[in-house]
Amino acid sequence: MALTDITERIAAAERDAGRAQGTTELVAVSKKQPDARVEAVLEEGHRTFGENRVQEAAGKWPAFRERFGEVRLHLIGPLQTNKARQAMELFDAIEVLDRPKLARAIARLAQEIGACPDLYVQVNTGEEEQKSGLMPGDTDAFVAECRSLDLPVRGLMCIPPVDEEPALHFSLLGRIAERNGLSGLSMGMSGDFETAIRLGATSVRVGSAIFGARPSET
């Protein structure tokens, strides 16, 4: 099965990097995937998934959680401030914290709700105009601001430019995390997760290599 293949490759990458086994979390990216494919992966025992849109996740995961029990959900797509409450109630990790307005909204809601998902700051390592995320040079100050709001920032996330060597971006993210005392590194996808693990990824986001191409992409 595809899931078994990916988990074996993750284990091999950890061994090759001299890392302890099981130190890399596999986030199965289920966005836009048919329910039957997601169900098949759940049946195999996997319990950590990534979604891009709050609305799609809200329509899919409550029923799956009722059937399969505890499932850990990561939000890996842009989050509008007006969807922050719904996201906080649905997701266990939000990997797309990228601006002060959103940080303040999450901090206020965390006080109201009495809980907060794990948070990752998204860094636009390629400084691409069309992509979300903090510019690398702005990340230190933003992490400090989030900490002043008592937000549980666990680490950083990036999506490298498609036409550049991902290792350069993974290394940059690692340096920013290190100087900010952050241990979480969400980086690496279907085509480059082994490189990401070699460079310290604690979480990799793999979709098509597990589920196959999304219907809209065939």
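The structure is a predicted model, in which local features need pLDDT of at least 70 and side-chain atom pairs count only at pLDDT 80 or more, while totals for chains, interfaces and linings use all residues. Residues are numbered from 1 along each chain as its sequence is written, and side-chain values use heavy atoms, with hydrogens and water left out. The secondary structure comes to nine helices and eight strands, where helices (H or I, at least four residues) and strands (E, at least two) are DSSP runs numbered from the N terminus.

**Overall form**

- The protein has a radius of gyration of 17 Å, which agrees with the value near 17 Å that a compact globule of 218 residues would have; the radius is taken over C-alpha atoms, and the globule rule is 2.2 Å times the number of residues to the power 0.38.
- Along the principal axes of the protein, the C-alpha trace spans about 45 × 40 × 35 Å.
- Of the 218 residues, 49% count as buried, a class that means under 20% relative accessible area, with exposed set at over 50% and partly exposed in between (1.4 Å probe, protein chains only).
- The protein exposes about 10200 Å², of which carbon and sulfur atoms supply 47%; such areas come from the Shrake-Rupley method with a 1.4 Å probe, and for residues only the protein chains shown count as cover.
- Among contacts (heavy atoms within 4.5 Å) with a separation of 6 or more, 60% are accounted for by residues 24 or more positions apart.

**Pockets**

- A pocket is here an open set of points on a 1 Å grid over the protein atoms alone, where a 1.4 Å probe fits, with protein on both sides within 12 Å along at least five of seven lines; lining residues have an atom within 4 Å of a point.
- The largest pocket holds about 520 Å³ of space, a volume being the space filled by probe spheres set on the points, which are joined across faces, edges and corners.
- Lining this largest pocket are 24 residues, of which Lys-31, Asn-52, Ile-159, Met-189 and Arg-205 lie nearest its centre.
- By class, the lining of the largest pocket has 10 nonpolar, eight polar and six charged residues, with Ala, Val, Leu, Ile, Met, Phe, Trp, Tyr, Cys and Pro counted as nonpolar, Asp, Glu, Lys and Arg as charged, and the others, Gly among them, as polar.
- The second largest pocket has a volume of about 240 Å³, and the residues that line it include Lys-31, Asn-52, Arg-53, Glu-56 and Lys-83.
- Its lining has three nonpolar, three polar and five charged residues.

- Within H6, the residues Pro-136, Thr-139, Phe-142, Val-143 and Cys-146 are buried, and their cover includes strand E4 (93-97), helix H5 (100-113), E5, E6 and helix H7 (166-179).
- Asp-150, in the loop between H6 and strand E6 (153-157), has a positive phi near 60° although the residue is not a glycine, and it is exposed, with a relative accessible area of 65%.

**Two further loop residues**

- Glu-127 lies in the loop between strand E5 (118-122) and helix H6 (136-148), and this non-glycine residue has a positive phi of about 50°.
- Thr-81 sits in the loop between strand E3 (72-75) and helix H4 (84-90) and counts as partly exposed at 22% relative accessibility.
- Leaving aside residues up to four places away in sequence, Thr-81 touches Arg-99, Lys-101, Leu-102 and Ala-105.
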